[in-house]
Every structure is written in structure tokens, then in C-alpha cells.
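The sequence and structure go here before any entry is made.

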Amino acid sequence: MLKTGNIFIDFFSQVVIFFPLLPVIIIFFRGVYQKESLIYLVILCLINFTQDMALQTLQIKDITQFSIRHIFSLLEFIVIVQIFKSILQGNLKELVNILAVAILSAVITYYLVKGANEKKNLIELLKDGFIIMLATYSLVRIVYQENLRIFYSAFFWIATGTLFYFVTVLLLDIIEACCPDLKNPFAADKMLLLNIAGVARYFFYTLATLVNNRN
């Protein structure tokens, strides 16, 4: 994992690693793991925790870190699509399936040809953009369906946390790509902002495990 040299940011980064376990613990403690959306949420949180632990504990080069991130990012993408696909119906659900498979095929093909050791590429941005659109649509649909009961919907909090995190990631990637002169001094600030976005993400996921609804 990247070390910024800032004691606070580096310590904060290590603490944030364990935040994905909080929703998992609550789900099993409350015994609500029989709900499909929360089962996928458990898988998503464990994927992110495993990735962060691997990057934290393994002494590996930056190139290998990028490869690990890309591999786990694909797994994360698959699970997120499964979460939101469960509230879609009819032709839209089929369209999401087709687009998700197309994106996965494009990403895998790109990695097989170019390698998975690049820091970031256009296809990764496309994948993140697809997640943002899917989470946005799901959030709007939930608000329309649930009306005043949205705060009791696990899907609402999952969509909110997912949207907040991936919008932050996309904006930071765009800033980094558009302003190469900021690359070095921006690294520490980017890590801090991503950690804060991660905390917010798992805070919302935790709220999803605490509400009582029919999802």
C-alpha cells in the first residue's frame, strides 16, 4: 500500500482497512444474512477487506499492487451489478446484464493484451461510470417506490454509499489525469480523500444493515 510519509494519513489508511468488516459483523449478529441484497453486501465488503489486507501485508511492488487492485475491482464490479440488478425488472434488467458482460469482456480482453499493471485506464473509468449510472438509477427508483419510507430501505443506503464513493473516485481520477503537475503533491491528498470516502461508504452500508425492511 502507498505510504505518503504523513503519519496521520498512513495511520488513518490502516484503520480504514477494517471498516468493511463492520457491516459484515452486524449482518451476522442480527441474523439478516438470508436477505439476498445483504448477502451480496457481505461478499462485497469481504472482497474489499481482502484486497486492502493483501496490499497492506504483502511486500510487493507498485506494478503488482495495480494488478491486484484491478483483479479485485473486477470482482467488486460483478457483485455490485448483482446487488442493483435485483431491483430491476424486465428489459432493463436484461440490458444491464448485456452491458455488464460487455464491459467485463472488454476489461478482461484489455488486461490479457496490455497487462493488468497499469495504474488506471479508460476502460476502468468506463466501468466506474457504469456503476455510478446504475447506482443513480437505482437510487431514483427506490425514492420513487418507497417515498417516505426510503430511510427504511437497505437498497437506499447501499446505493447512497456506492454512489458517493465511486463519484469521489471518478472525480479524483479526472483531476489527476487533467492536472499532471499535481501528481506528486496530490497523492497524499487523494489517499486521504479516498479514505474519507471509504469511511462514508461503509457508514452507509452499516445503516443498510440496521434498517428493517422487506428487501
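The entries below take the salt bridges in turn and then the nonpolar core.

**Ground rules.** I am working from a predicted model, in which local features need pLDDT of at least 70 and side-chain atom pairs count only at pLDDT 80 or more, while totals for chains, interfaces and linings use all residues. Residues are numbered from 1 along each chain as its sequence is written, and side-chain values use heavy atoms, with hydrogens and water left out.

**Entry 1, salt bridges.** I searched the whole structure for salt bridges (a side-chain nitrogen of Lys or Arg within 4 Å of a carboxyl oxygen of Asp or Glu), and the search returned four.

The bridge links distant parts of the chain, with E76 in helix α4 (residues 62-85) and R201 in helix α8 (residues 183-210), 125 residues apart; helices here are DSSP runs of H or I with at least four residues, numbered from the N terminus. I then checked burial, where buried means under 20% relative accessible area, exposed over 50% and partly exposed in between, with a 1.4 Å probe and protein chains only. E76 has a relative accessible area of 9% and is buried, and R201 is buried as well, at 2%.

D173 lies in helix α7 (residues 154-178) and K190 in helix α8, so the pair ties together parts that are 17 residues apart in sequence. I noted both D173 and K190 as buried.

I found E124, K127 and D128 linked in a network of salt bridges. Between D128 and K127 the closest N and O atoms are 3.7 Å apart. D128 counts as buried at 3% relative accessibility, and K127 is buried with a relative accessible area of 1%.

I looked for nonpolar cores, meaning sets of buried Ala, Val, Leu, Ile, Met, Phe, Trp, Tyr and Cys residues joined through side-chain atoms within 4.5 Å. The largest has 53 residues, of which L41, F77, F84 and F130 touch the most other members. The elements giving two or more residues to this core include α2 (21-30), α3 (36-57), α5 (90-114) and α6 (122-146), while α7 gives the most, with ten residues. Leaving aside residues up to four places away in sequence, L41 touches I27, I83, I158, Y205, A208 and T209, where contact means heavy atoms within 4.5 Å.
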